[in-house]
Structure formats: C-alpha cells, structure tokens
Amino acid sequence: MSELLKPRRSVLYVPGSNSRALQKAAGLGADCLVLDLEDAVAPEVKAKARSQVSAFLSQRPSSRSEYMVRVNGADTPWFADDLAEVVELSPSGLVFPKVSSAEDLRALDDELSALGAAPELELWAMIELPEAVLRIQEIAAMSRSSRLACLLVGTNDLAKELSIRVGPERKGLLTALSSTVLAACAYGIGAIDGVFNDISDADGFESECLDGLDLGFHGKSLIHPSQITKANQIFAPAEHELEEAKAIIAAFESPENLGKGVIVVNGKMTERLHLERARALVAKSDAIDSLAEP
Ligand code: COA
Ligand code: MG
C-alpha cells in the first residue's frame, strides 16, 4: 500500500504513563496510536512511561492500529534513552516534537540509522513552532532523503507560542495549517490536523474535523476514545462521493467516450483530472475497507 493510501484518519495520543489507557488503546479502532512519552507525561514519570510503552510494544497487542511513539525532544534529558529503548522494539515510527528545521530531522535520521533502525521505520515531524511553519518547505523536502513520512500539526503548542486564543474558525492558525498541507502535498507525504481539546463538545469536534478535511488534511489528532468514530467517518470518502467517483470511472470507460478528454457526467463538466481523482478516492475507500476491525 502506498504511503498516502494508508488510512490515517484517526491518530490517537495515548499517554505512556497511563496504564489503563494503554490497556484499552489497541482495541479502540483508531487508525494510528501515538504512544506518548512527551507532553502528556510529567517529568517525574518519564521513566515509568518509557518502560510501559516498551512493554506494550514488546507484547504488540494485535490491532488494526499502527503504533507510533512520540519521543521527548532532542534537547531534553530523556531523548537518548527514549530513542535507544524504543527503536529496538520496532514501532511503525517515531513522532519527533518541536522540529524547527530540516537539520533537526537530518540529525535524528542519522541517529536512527546509527542505532540500526529498520529502513521502514517512519519519522513524523510535529509542526508546532513558528520557525517550523516559516521553514515548512525545507522540512517537507526532507522526505526525499530521510524517513520523514508525515507532518503532524501541534495546535496547542502553536497557540501557546503565538499567544493566541483559538476560536471555532482557528483564524490565527490558518497559515500554519494551510502551509503544512501545501508542503505535505507538494512532497507527497501525510498531513494530520491538530487536536480538539474540549472532549465534551461533540458538535465542536465534528465541525473542526470538517474544517480540517476542507483544508486538505488526511486525518485528525485525537485525545479521547470518544473522538475516534467521528474522525474515521469524516476523513473517509462519503457514500455520495464514492457513487460520483464510480459514475465518472464508468463514463470514461464506456465505448462512446474512448479517447475523449472532457465529457459530461451527471450534468457536470468532467475532465481526465477528475477521473484520476475518482480513481484515487475509490482506492482510498478500498484501503479503508481492507483494514481489519479489532
Ligand atoms: N487513549 C486511550 N484510552 C483513553 C484515552 C486515550 N487518550 N483517554 C481516555 N481513555 C480511556 C480512559 O482510561 C477511560 O477508560 P475506563 O473508563 O475503561 O477506565 C475511558 O477512556 C474514559 O476516559 P475518561 O474518564 O472520559 O477520561 P479521563 O478523565 O480518564 O481522561 C484525559 C481525560 C484528557 C486526561 C485523557 O483522555 C488523556 O490523557 N488524553 C490524551 C492526552 C494527550 O495525550 N495529550 C498530548 C497530546 S495533545
Ligand atoms: Mg506539542
């Protein structure tokens, strides 16, 4: 399955220090779990979190979810131990927080190679510092020469750095959100929207998922199991989109349209670029269908 076909609609953070959450995580139906050693874990329990995450990865509970680990930043006292212990246990990849430049990723990628990390181990960069947004193209370009496979927006850290209030329209974050999607798209890698903090506000969550979808994100970062089903639904192709896509494919395949560049389908002007898009949508839907339920 190619990178962008891997469904990453729901990316759930699971604090490594929370044994109950770790116990439940594999069966929740998220496309991806980010086992967190960083911001969700207090300094006093960093070592405990690391050993609980290691135990989880060693047991590797069977699940349809991919297992990522968010390590502490390179300038923290926990980074070297996080890397040494976690890489051996072959998670799907590492989430690297507070990236500020391409050099950060180069250094980490070299370190992973020195530790003997498997080539397929992915690196996801958190875009959560203003300097990362300003250097977003050079960061995304690292996907050509490193394990970088996805950009994950850290909206809480960005709001803190910018000292902004985040309302429903996310005005102050729009440049960061949109630049991240553009850069990811230009280099063919994944882009995941940030978290929605108000667990009790289901309507607010839904509307922020739709906003992320409209901006072009492939999925959303989540903090609570109650957010998974909605994210999986919103970031999957809708039934009417699939029907439209199949109609476009069928129309271009019909003998009278052979060799035509532009046709009319259901009253709409439809070009071959729409055919490509329709095929991609069907492929994405098939990829989602092929995920085994827990
Ligand atoms: N992953 C897996 N399970 C989780 C979970 C998560 N992120 N968040 C909650 N759960 C589990 C709880 O353990 C609980 O299980 P139980 O009822 O079987 O004991 C159940 O879901 C309901 O949880 P609830 O009581 O509603 O929430 P809480 O008060 O225990 O926790 C938070 C609320 C916000 C502290 C918690 O959801 C959390 O830590 N989320 C992740 C935060 C994070 O990682 N932040 C960093 C990235 S921004
Ligand atoms: Mg952060």
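Since the model is predicted, local features need pLDDT of at least 70 and side-chain atom pairs count only at pLDDT 80 or more, while totals for chains, interfaces and linings use all residues. Residues are numbered from 1 along each chain as its sequence is written, chains are lettered from A and ligands numbered from 1 in the order written, and side-chain values use heavy atoms, with hydrogens and water left out.

Take the metal to begin with. Glu128 (OE) and Asp157 (OD) coordinate the magnesium ion (ligand 2) at 2.0 to 2.1 Å; donors here are N, O and S atoms within 2.8 Å of the metal (3.2 Å for Na, K and Ca), and with water not among the atoms, sites may look incomplete. Glutamate 128 sits in the loop between β5 (122-127) and α5 (130-134) and aspartate 157 in helix α7 (residues 155-162), so the pair ties together parts 29 residues apart in sequence. Helices (H or I, at least four residues) and strands (E, at least two) are DSSP runs, numbered from the N terminus.

Next comes the largest pocket, with about 1100 Å³ of space. A pocket is an open set of points on a 1 Å grid over the protein atoms alone, where a 1.4 Å probe fits, with protein on both sides within 12 Å along at least five of seven lines; lining residues have an atom within 4 Å of a point. The volume is the space filled by probe spheres set on the points, which are joined across faces, edges and corners. Of the 37 lining residues, Glu241, Arg277, Ala280, Leu281 and Lys284 lie nearest the centre. Helix α12 gives the most to this lining, with six residues. By type, the lining splits into 22 nonpolar (Ala, Val, Leu, Ile, Met, Phe, Trp, Tyr, Cys and Pro), six charged (Asp, Glu, Lys and Arg) and nine polar (the others, Gly among them).

As for the rings, there are three aromatic pairs, counted when centres of Phe, Tyr or Trp rings (the six-membered one for Trp) lie within 6.5 Å; planes under 30 degrees apart are stacked, over 60 edge-to-face and the rest tilted. Phenylalanine 56 and tyrosine 67 pair edge-to-face, at 4.9 Å centre to centre and 75° between the planes. Phenylalanine 56 belongs to helix α2 (residues 46-59) and tyrosine 67 to strand β3 (residues 66-70), so this pair links parts 11 residues apart in sequence.
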